[in-house]
Every structure is written in C-alpha cells, then in structure tokens.
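Biologist: I would like to learn how to read the pockets and the sheet of a model like this one. Could we go through them together, one feature at a time?

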Amino acid sequence: MIIGKILKPQGIRGELKIKPQVDEQNFLNLKSVVIDGKVHTIQSASARDGFVYAFFEEVKDRNDAETLRDKDIIAPQEDLLPLKEDQYYVDDLIGCEVVTEEEEKLGKVVDVLNFGASDILTIKDGSEETMCPFLSKVFLTVDAQNKKIVVNKKRFLEVTQSED
C-alpha cells in the first residue's frame with residue numbers, strides 16, 4: 001500500500017522530505033519500505049510539521065536522493081500500526097460505492113486528496129466527478145470491507161453543489 005510520496009531531497013547528505021499518506025508514527029516504526037520496486041532500509045526518520053524526513057541506507061548523497069523525487073513509498077499494510085476508530089487507509093476507500101441513506105447510488109470513490117484541512121474524496125458516477133470533504137456530518141458510515149460508504153444526502157449536496 002502507498003504510505004507516502006517523496007517530495008524532494010533535504011540537504012546534501014541524502015535525506016528525503018516525504019508527504020505521508022498514513023500517520024507519521026508508521027514511518028518511525030518501519031524498518032524498510034519499497035521505492036520504485038526496490039527495498040530501501042530506513043536508517044532514521046523523524047516527523048516535523050506534517051512531513052517525514054528520512055535517511056535510507058541505499059541513498060548515499062543528494063544525487064541519489066534526487067533520483068527518488070516524486071516516487072511513491074510502499075509498505076505492506078500488516079507492517080503498519082493498527083488504525084484508530086474512524087480512521088481508514090486511502091487504499092481502503094478507493095473503489096467504495098457511495099450511497100445515500102435511501103440506497104441511491106452516487107458513484108464510486110476514485111481518489112483521495114489532501115490539501116491540509118481534511119481529506120477530499122473524488123467520487124465518480126459515469127463521466128461525472130464530484131469532490132467532497134471527508135466530514136463526519138456528511139459521511140455517516142464507512143464499511144471498507146464491503147466497499148460501501150453511506151452519506152447524508154442533504155449534507156452531501158450542501159458541500160458539493162455550488163449555486164450559480
């Protein structure tokens with residue numbers, strides 16, 4: 001599962017700045033990850049200001065680090081810390097059918113974005129895409145195992161439709 005994206009090298013010694021897609025604590029507990037199909041051993045990692053900064057044994061300097069810019073970081077889900085109640089991995093949400101309380105189908109989750117305040121779910125129905133903040137007042141239940149999310153239709157429409 002994708003747990004983060006390498007943003008850029010940090011400094012000249014090969015440290016990497018990472019945008020995590022899971023709780024930062026996961027990086028601090030992992031021993032290794034996969035980047036671009038190759039196993040990378042974590043030498044050290046720290047979390048600051050919503051980012052993870054990590055050194056990998058296989059990355060010797062800034063030049064090595066530069067080759068990993070914009071790459072995804074992958075780790076097996078079983079190596080990650082257990083989730084708290086009402087937390088989900090992005091991979092668990094992708095593909096979920098989104099329905100109203102009356103079982104009206106609104107589409108499927110095709111992407112999860114985060115610009116800081118909250119996650120934004122991209123829901124696709126045919127050729128139409130809707131973006132909606134992942135808020136508890138909108139999203140009533142998430143059954144990731146059965147790939148089904150129930151929303152409050154009124155609140156969903158309030159946050160997804162703009163008046164012209």
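Biologist: Which element gives the largest share of the lining of the second largest pocket?

Modeller: Helix α4 does, with three residues; helices (H or I, at least four residues) and strands (E, at least two) are DSSP runs, numbered from the N terminus. Please keep in mind that this is a predicted model, in which local features need pLDDT of at least 70 and side-chain atom pairs count only at pLDDT 80 or more, while totals for chains, interfaces and linings use all residues. Residues are numbered from 1 along each chain as its sequence is written, and side-chain values use heavy atoms, with hydrogens and water left out.

Biologist: What is a pocket, and which residues line the second largest pocket?

Modeller: On a 1 Å grid over the protein atoms alone, a pocket is an open set of points where a 1.4 Å probe fits, with protein on both sides within 12 Å along at least five of seven lines, and lining residues have an atom within 4 Å of a point. Here the lining includes Lys105, Asp125, Glu128 and Phe156, and β8, β9, β10 and α4 each give two or more residues to the lining. The second largest pocket holds about 200 Å³ of space, a volume being the space filled by probe spheres set on the points, which are joined across faces, edges and corners.

Biologist: What is the volume of the largest pocket, and which residues are closest to its centre?

Modeller: The volume of the largest pocket is about 1,000 Å³, and of its 36 lining residues Gln21, Tyr88, Val90, Asn114 and Asp119 are the closest to the centre.

Biologist: In what order do the strands of the open sheet run?

Modeller: In general, strands of a sheet pair through backbone hydrogen bonds, either parallel or antiparallel, and two strands count as paired if DSSP finds at least two bridges between them. In this case six strands form an open sheet of mixed pairing, in the order β10-β9-β8-β7-β12-β11, with β10 (128-133) and β11 (139-143) as the edge strands. Strand β9 (residues 119-125) pairs with β10 in the antiparallel sense over six bridges, and Thr122 stands opposite Met131 in β10.

Biologist: Which strands does helix α4 touch?

Modeller: Helix α4 (residues 153-160) packs on the sheet and touches β7, β8, β9, β10 and β12, where contact means heavy atoms within 4.5 Å. The direction of α4 makes about 100 degrees with that of β10; axes are lines fitted to C-alpha atoms, for helices over the stretch in contact, and angles run from 0 to 180 degrees between N-to-C directions.
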